[in-house]
Amino acid sequence: RHPRGICTRVWPSILVFLDALDTDMLWVNPTSRRKRVAKVKPRGKLLRNVEEKDYDSKEFGGGRMAKKAVQLTKQSILIHGKPTLLRVGSVQWFRLPKLDRLDLLQRFKAAGFNTVDMYVPWRDVEPNGEGKFDEGFLEDMCDFLGKCKNVGLYVYFRPGPYICDEFDGGGVPSWLLKKTRTRDDDGDNTKAIIRTACPLWLGHVRRYFNKINIRILPYLASKGGPIVLYAIENEYDHFEKAFAAEKIFFSEGKAERRLFQSTGTKAYFSALRDITRRHIDVPIATCPGMPTVSGLGDVEGIWPVPNHWDPDGHEADALALLKSMRKGHGGAYKDMPLGFSEGPSIAASQKRQILSGPTLT
């Protein structure tokens, strides 16, 4: 029995949860009658000593895995070789007085969280025009990352380019929104079509991403920092639906989108992934708005961690999502674990979500 009263003879998915409670209870065989194991040798398919830095067994991907600070496997996210349950909460750091942030992070950790969901609004990074970056804001961002490290918290870094987060324009700078268009046949090639594979939009995103990604390099887990996960875009499946609906909504005598106009989702997410990979070596994720693998074009190398707001459907939806990842989408996500980004704040629902098996919740 676990020191906090949780029986260790439970399903393997719960073992990740036990390990995340900062205890010296390591992986144990669910069929074993031992009541307490400090360090164990591999016994059976699911036994694993989390002190090992290299995993060479089939249940962790097969073959000897390269040493990386953060890796995704079918069962879990490995941080410095250790299966970890990321218990995530959003901290709106840019909306908080700087002097209050350290105290809030300490209370955040004491409440049971181990990972900060950290949005970065583009509008505050590049507020006054193309290439006019606010160095003070970037220093503030790095200061907050340093505080997360000092408190002992991981960071799920989410710079967008569109973050939603109840911002007008999803955090896209207002000066850039004035330089955008909705149709691709209006002959104005000086304006970008936002959140698509439009080359002008991707050019702006590349400039923004390169700026912040260089600044956060010292804070990546591979450099001893707190950032273990990096998100691109947000709830893009909702945008795809709105994009399609705009083909029948008229403005100034014509539809807002051309009938056969496309978001170019696969090309867009491939480009975002490649721009990010230029500097970032932790796993890349994205958050579909619905509890499905949707809105990322089945692009490989991006972990789908959708929202889940149904307080009564955790188990069924988790199983459906996992089956979809294992058997669908051309195999792009078959070797990735289950995870959810947002969900209800009801305690009972949170417990059910954790017990449904995600490695991020």
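A: His329 is partly exposed, because its relative accessible area is 21%; buried means under 20%, exposed over 50% and partly exposed in between, with a 1.4 Å probe and protein chains only. This is a predicted model, in which local features need pLDDT of at least 70, side-chain atom pairs count only at pLDDT 80 or more, and totals for chains, interfaces and linings use all residues. Residues are numbered from 1 along each chain as its sequence is written, and side-chain values use heavy atoms, with hydrogens and water left out.

Q: What is the phi of His329?
A: His329 has a positive phi of about 60°, although it is not a glycine. Most residues other than glycine have a negative phi.

Q: Where does His329 lie?
A: His329 lies in the loop between α9 (314-327) and α10 (347-355). Helices (H or I, at least four residues) and strands (E, at least two) are DSSP runs, numbered from the N terminus.

Q: And Glu166, buried or exposed?
A: Glu166 counts as exposed, because its relative accessibility is 69%. Glu166 also has a positive phi of about 60° without being a glycine, and is found in the loop between β6 and α5.

Q: Which peptide bond is cis?
A: The bond that joins Gly160 and Pro161 is cis, with omega about 15°. Pro161 lies in the loop between β6 (154-158) and α5 (174-177).

Q: Turning to helices, how do α2 and α4 pack?
A: Helix α2 (residues 101-110) and helix α4 (residues 135-151) pack at an angle of about 40°, and their axes are 10 Å apart. The axes are lines fitted to C-alpha atoms over the stretch in contact, and angles run from 0 to 180 degrees between N-to-C directions. α2 is therefore oblique to α4; angles under 35 degrees count as roughly parallel, over 145 as roughly antiparallel, 65 to 115 as roughly perpendicular and the rest as oblique.

Q: Which residues make the contact?
A: Arg101, Leu102, Leu105, Gln106 and Lys109 of α2 and Asp140, Phe144, Lys147, Cys148 and Val151 of α4 make it, where contact means heavy atoms within 4.5 Å.

Q: How many bridges join β4 to β5?
A: Three bridges join β4 (residues 88-90) to β5, and the strands run parallel. Val116 in β5 is the bridge partner of Gly89.

Terms used: Pairing = 2+ DSSP bridges.
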